[in-house]
Amino acid sequence: MAGLLCCGAFTFSFSFAQAEAPTRPDGEYRNNYPQGPKESFWAWKWEQLRKGVPEPPEGGWKIPTARTDAAALRANTTEPTMTWIGHASFLVQLAGKNLLFDPTFSERASPVQFAGPKRVVPLPIDVPELPRIDYVFISHSHYDHLDLDSVKRLAALPDGGPMFFVGLGLKKWFHDQGIERVVEMDWWQDRTEGPLKVTFIPVQHWSKRTLTDTNKTLWGGWVVEGGGLKIVHTGDLGYSKDAQDVGERLGPFDMAFIPIGAYAPRWFMKLMHVDVPEAVQVRSDLRAARVVGMHWGTFEKLTDEPLDEPPAELAKQRGARGLAKDAFDTMAIGETRRIERAR
């Protein structure tokens, strides 16, 4: 069943919609900028059968991990911090509020927990250990970014659960799960919540959870400003002029979370997932002072590159471009760092 996973989302029809124009016809969302022709999912699966997929080295993948100090996070009410939970999931503490981006606490990135891409390192912190979560931001509907069990557990927390921020079309899905505290937003729409200003931004990607909902809900990234800091979480994205648009309209950023993994095979993944050189260009386009690379090292057999390859490629790119390590770094799963203001 893991073979049915496509670009980070379990898909039943093995295809994604071609975005041809920035307009959004009734019932279907499209990207802002034209893309090349879509490639065959079946050709990718056939290539995997012929060539195989990277197997863990002897002793398993050596993914850096750290013990999350949950007590310290619960006690913190002033310092801006970021904690990488794995994949695209981050806990961010900003302006005295606790934010979760694309929370995935399940063992697999899949609609079922008996098959699909499996977590390769232990979960560093679980829902009951979290500080009180004020806001949750969902970038799009794919299973590795919108996990049903995780959002239901968060909504059922005894303090009443957080407010969920989602793209257009996803509020109904949340309501169908019995989750009522949902804010639905369009690209470039912003909203003030307490000490935070939130903006939903366009990226090149797509959405799908079932046979019948391809591109029926909007995908994107999130910009959050508060406490004198401005951060951006891009969600998934293929390379496009959208990042430059965001940088021009909303940048510069103190911190950005940008994917560096799930990029192979390039001929298939290019339209929807940046590779490492493109991720470094996204940093420049966004005008981000510092970046943490995400979307790697967490779920096995999601795509075809070795799980530990992205940070090695990032180090090469930094060297080739003369970037300091903290300009575009990676974190250990479970690690917490302070978010610094750009100088």
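Two strands are taken as paired if DSSP finds at least two bridges between them. Helices (H or I, at least four residues) and strands (E, at least two) are DSSP runs, numbered from the N terminus. The model is predicted, so local features need pLDDT of at least 70 and side-chain atom pairs count only at pLDDT 80 or more, while totals for chains, interfaces and linings use all residues. Residues are numbered from 1 along each chain as its sequence is written, and side-chain values use heavy atoms, with hydrogens and water left out.

**View 1. Strand 9 and strand 10 form a hairpin with two residues between them.**
Gly 194, in the turn, has a positive phi of about 60 degrees. The two strands run antiparallel and are joined by four bridges. Thr 192 lies opposite Lys 197 of strand 10, and Glu 193 has Leu 196 as its bridge partner in that strand. Strand 10 also pairs with strand 11 (residues 221-226), in the antiparallel sense and over five bridges. In that pairing, Glu 225 of strand 11 is the bridge partner of Lys 197. Of the six residues of strand 10, five are buried (buried means under 20% relative accessible area, exposed over 50%, partly exposed in between, with a 1.4 Å probe and protein chains only).

**View 2. An open sheet of six strands has the order 9-10-11-12-13-14 and mixed pairing.**
Strand 9 (190-193) and strand 14 (291-294) are the edge strands; each has a single partner strand, so one side of each lacks a neighbour in the sheet. Direction ignored, neighbouring strands are turned by 15 degrees against each other on average. For such angles, axes are lines fitted to C-alpha atoms, for helices over the stretch in contact, and angles run from 0 to 180 degrees between N-to-C directions. Helix 7 (residues 276-286) packs on this sheet and touches strand 12 (229-233), strand 13 (255-259) and strand 14; contact means heavy atoms within 4.5 Å. The direction of helix 7 makes about 150 degrees with that of strand 13.

**View 3. Strand 13 and strand 14 pair in the parallel sense over four bridges.**
Phe 257 has Val 292 of strand 14 as its bridge partner. Strand 14 is covered on both faces: Val 291 and Gly 293 on one side, and Val 292 and Met 294 on the other, are all buried. In general, side chains in a regular strand alternate between the two faces of the sheet.

**View 4. The axes of helix 5 (residues 242-250) and helix 7 come within 7 Å and cross at roughly 30 degrees.**
Helix 5 is therefore roughly parallel to helix 7 (angles under 35 degrees count as roughly parallel, over 145 as roughly antiparallel, 65 to 115 as roughly perpendicular and the rest as oblique). On the helix 5 side, Ala 243, Gln 244, Val 246 and Gly 247 meet Val 282, Asp 285 and Leu 286 of helix 7. The residues of this contact divide into four nonpolar, two polar and one charged. Here Ala, Val, Leu, Ile, Met, Phe, Trp, Tyr, Cys and Pro count as nonpolar, Asp, Glu, Lys and Arg as charged, and the others, Gly among them, as polar. Among the buried residues of helix 5 are Asp 242, Asp 245 and Leu 250. Their cover includes strand 10, strand 11, strand 12 and helix 7.

**View 5. A second open sheet has seven strands in the order 8-7-6-5-4-3-15, with mixed pairing.**
Strand 8 (182-185) and strand 15 (336-338) stand at its edges, each with a single partner strand, so one side of each is left without a neighbour in the sheet. The twist from one strand to the next averages 20 degrees. Strand 5 and strand 6 pair in the parallel sense over three bridges, and Phe 101 stands opposite Phe 137 in strand 6.

**View 6. Thr 104 is found in the loop between strand 5 (97-101) and strand 6 (135-137).**
Thr 104 is buried, with a relative accessible area of 2%. Not counting residues up to four places away in sequence, Thr 104 touches Ser 89, Arg 119, Leu 123, Asp 144, His 145, Asp 147, Ser 150 and Phe 299.

**View 7. The largest nonpolar core has 62 residues.**
A nonpolar core is a set of buried Ala, Val, Leu, Ile, Met, Phe, Trp, Tyr and Cys residues joined through side-chain atoms within 4.5 Å. The residues with the most contacts inside this core are Val 92, Leu 99, Phe 137, Phe 165, Phe 257 and Leu 286. Helix 7 gives the most to the core, with five residues.
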